[in-house]
Protein chains: 2
Amino acid sequence: MNRLEWASLDEARRRDALTRPVQVVAQRTRDQVAALLADVRERGDAALREITARFDGVELASFEVTEAEFAAAEAAVGDELKTAMREAAARIEAFHKAGMAKPYSVETAPGVVCERMIRPIARVGLYVPAGSAPLPSTALMLGVPARLAGCREVVLCTPPRKDGSADPAVLVAARLTGATRVFKLGGAQAVAALAFGSDSVPKVDKIFGPGNSYVTEAKQQVAQAGAAAIDMPAGPSEVLVIADAGANVAFVAADLLSQAEHGPDSQVLLLSDDAALLDAVETEIETQLAALPRADIARQALAASRLVRVQDLEQAFAISNAYAPEHLILALREPRAWLGQVEAAGSVFLGDYTPEALGDYCSGTNHVLPTSGAARAYSGVSVASFQNFVSVQSASREGIAAIGGCAYTLARAESLDAHANAVALRMEAA
Amino acid sequence: MNRLEWASLDEARRRDALTRPVQVVAQRTRDQVAALLADVRERGDAALREITARFDGVELASFEVTEAEFAAAEAAVGDELKTAMREAAARIEAFHKAGMAKPYSVETAPGVVCERMIRPIARVGLYVPAGSAPLPSTALMLGVPARLAGCREVVLCTPPRKDGSADPAVLVAARLTGATRVFKLGGAQAVAALAFGSDSVPKVDKIFGPGNSYVTEAKQQVAQAGAAAIDMPAGPSEVLVIADAGANVAFVAADLLSQAEHGPDSQVLLLSDDAALLDAVETEIETQLAALPRADIARQALAASRLVRVQDLEQAFAISNAYAPEHLILALREPRAWLGQVEAAGSVFLGDYTPEALGDYCSGTNHVLPTSGAARAYSGVSVASFQNFVSVQSASREGIAAIGGCAYTLARAESLDAHANAVALRMEAA
């Protein structure tokens, strides 16, 4: 782990300290993904079958999960996990529902009413990864807001296992949220199927969810081509912890490790104004690592991580705002008092008893969050991510009389005479 | 203009009828834009100066609009236009302010509080075109919500004229909305400056606004590269009108023309269940065209437009929802009764006295809207476009006791043991 003293760093080194592990998508990856997308677009199911055989090692006659498969999944998943998923879904629903936007209406001038209508995006695609480990929690994080929005068609894709089945917990989670159709498709080929549609997979308007670099690249390419919108650009997961002298060393170390175990390219930053705390956390991380099954992955991530001593907590928040972390943990004695300093972050965790894992699973907030500094201008998934906001206006004769002159003047100033004429005709008739 | 009978079209012809004029961005354009972006990124102001000399035909020592230039603009713009801009800004503010999201908080379990904080995006860039005509209205549509959001730095770019000045009306509009800095930069080079920053232009987090195909391509490329977020993908403007037998022929023709005059690639669709209305509108368009200064542009757009007879209005709404128009005009006797049928559109105009020009300028709704069918999954610009939504959670000892078990079970199911450990440590201590 890299120890840094912020005060002793010059501008270039500070920039360097906040630079994420390089996210270069090789031209080869881009080309591979482009070729795969073109193949699925052209040959549909035949291409999907071949690609799935090649990458997932299984020949599937049909991609769609059947009722019998859902029933088998229900039987395979234990009650404890089912209960946990139901509880998590209920809290995710409670938090997301309370934040839903409402339609509204304003009379902006006598006889002129402007409104905002809210419509669900008709067809959405949810991608639930199952690489090193299947992620039923992601099915909940995407499926619950999709249901709250009222999307007509919710199509979930998750990779098949070598025996041709899908992960049972993911299927149970999909059913729990009311996903309308589920397909055993993974990787860039799943994104291609959702963006273009095929004989068996319906085309969708927007694609959500995390994935590996192929999935991410495929999402970017279909969005760029206008084939489907996407939730947000995605990169490796990351956490920034701001800890004071009073922070619990074991908790902080455990939080850093729970981020580091996500993948070798995860990034972990700890900022503290107390050198002794940094020393203690460094030692504690080694101790906890010894007991972790995914220690190898975590070690790789920790190699790129940084423990930074700052002069004071104000400096820590300035650094955090410049970095714009996906997850921000405030291991502080008065975390709420500092909340006003947070300008950009995906999700914030307050105090010693709020590990990031709560937000990952079941506090109620969403875990599909902006990474790689995208939190400067993107927000995590919410119900609004599944909705369209449509503005509506209606002018009566009185209304056009009230504001027609204003529109006419502006249209003429912009040399748009047909615009001016469309207004003038009404003003004469009103 | 193309007349079509919907009932007589087969599937392929129906698809064809709803296909927008081809939006192929030539590989040459892509490469040119990529080279320009790389040049600005590397050489900064020197590159901006050269490119501006080449494309705008003016050598600028400095890009930033000075106080003296603002003062000259104030003096150059007449009172009528100033009043119209102030009135428009006031109504845009009234409508946008009423729709602003609020922070909220939910106790999702005993001792677990989840919240949503709202933060302005710190640095935003607004692009205001001034090609065939400068668009002060766009400065209002972007500047007002940026101010309502509270963005710290609002950087507006608009192309210089041949004499080195910027359009006075655009400058007055920029000042009216409180843009913090204004630069005389146009085209892809403006987007490059905003995305990467230079010695004189500050880098921003998100770029807004319409533009020609170079601007659009530049926005796509900087978003793809992660240099800055963008408001939405953009294409040529378009309108779909649904008119019944009682619609006012002159009004409908005027609305179609006011869309057609935007540019040769604008698209115009009229759907009606009444053949006589379609006939009459076709004739009326020719009459009105004769008086239009931009008739040549409008004629080109009309060549790709369609007048479609539908069997009934239900069919018209089904077609409209499939097309997802940027602007949707309901020239119907009971427009509000039909509003429930609208699934996807950028902005809707109700009845005979609500020409699209009202929304373009001053009803209060935004005119930066999704085009090219993007309305299926994107919304127009609102205050939320300038904000980040940050989730916050806080668990007390009671809270971790209440939901820790749920998180632990899910973490174990996903084989993320460090996550489980971070929870277990707190549960033991709580």
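Modeller: A residue is called buried when its relative accessible area is under 20%. The structure discussed here is a predicted model.

Biologist: Why is B:Cys362 called buried?

Modeller: The relative accessible area of B:Cys362 is 0%. The cut-off is under 20%, so B:Cys362 is classed as buried.

Biologist: How do you know that B:Cys362 is in no disulfide?

Modeller: The nearest cysteine sulfur belongs to A:Cys406 and is 3.9 Å away.

Biologist: What makes the rings of A:Tyr104 and B:Phe95 a stacked pair?

Modeller: Their centres are 5.1 Å apart, and rings pair if the centres lie within 6.5 Å. Their planes are at 25°, and planes under 30 degrees apart count as stacked, so this pair is stacked. The pair crosses between chains, from strand β2 of chain A to helix α5 of chain B.

Biologist: Why is the pair of A:Phe208 and A:Phe386 said to tie together separate parts of chain A?

Modeller: A:Phe208 lies in strand β7, whereas A:Phe386 lies in the loop between α15 and β14, so the pair joins parts that are 178 residues apart in sequence. Both residues are buried: A:Phe208 has 0% relative accessibility, and A:Phe386 has 0% as well.

Biologist: How do you know that A:Arg20 lies over the face of A:Tyr323?

Modeller: A:Arg20 is placed at 3.6 Å from the ring centre of A:Tyr323, and the limit for such a contact is within 6 Å, together with an angle within 35 degrees of the ring normal. A:Arg20 is accordingly listed as lying over the face of that ring.

Technical notes:
Residues numbered from 1 in each chain as written. Chains lettered and ligands numbered in written order. Predicted model: local features only at pLDDT ≥ 70, side-chain atom pairs only at ≥ 80, totals over all residues. Heavy atoms only, no water. Disulfide = S-S within 2.5 Å. Buried < 20%, exposed > 50% of the residue type's maximum accessible area, 1.4 Å probe, protein only. Phe/Tyr/Trp six-rings, centres within 6.5 Å; stacked < 30°, edge-to-face > 60°. Helix = DSSP H or I, 4+ residues; strand = E, 2+ residues; numbered from the N terminus.
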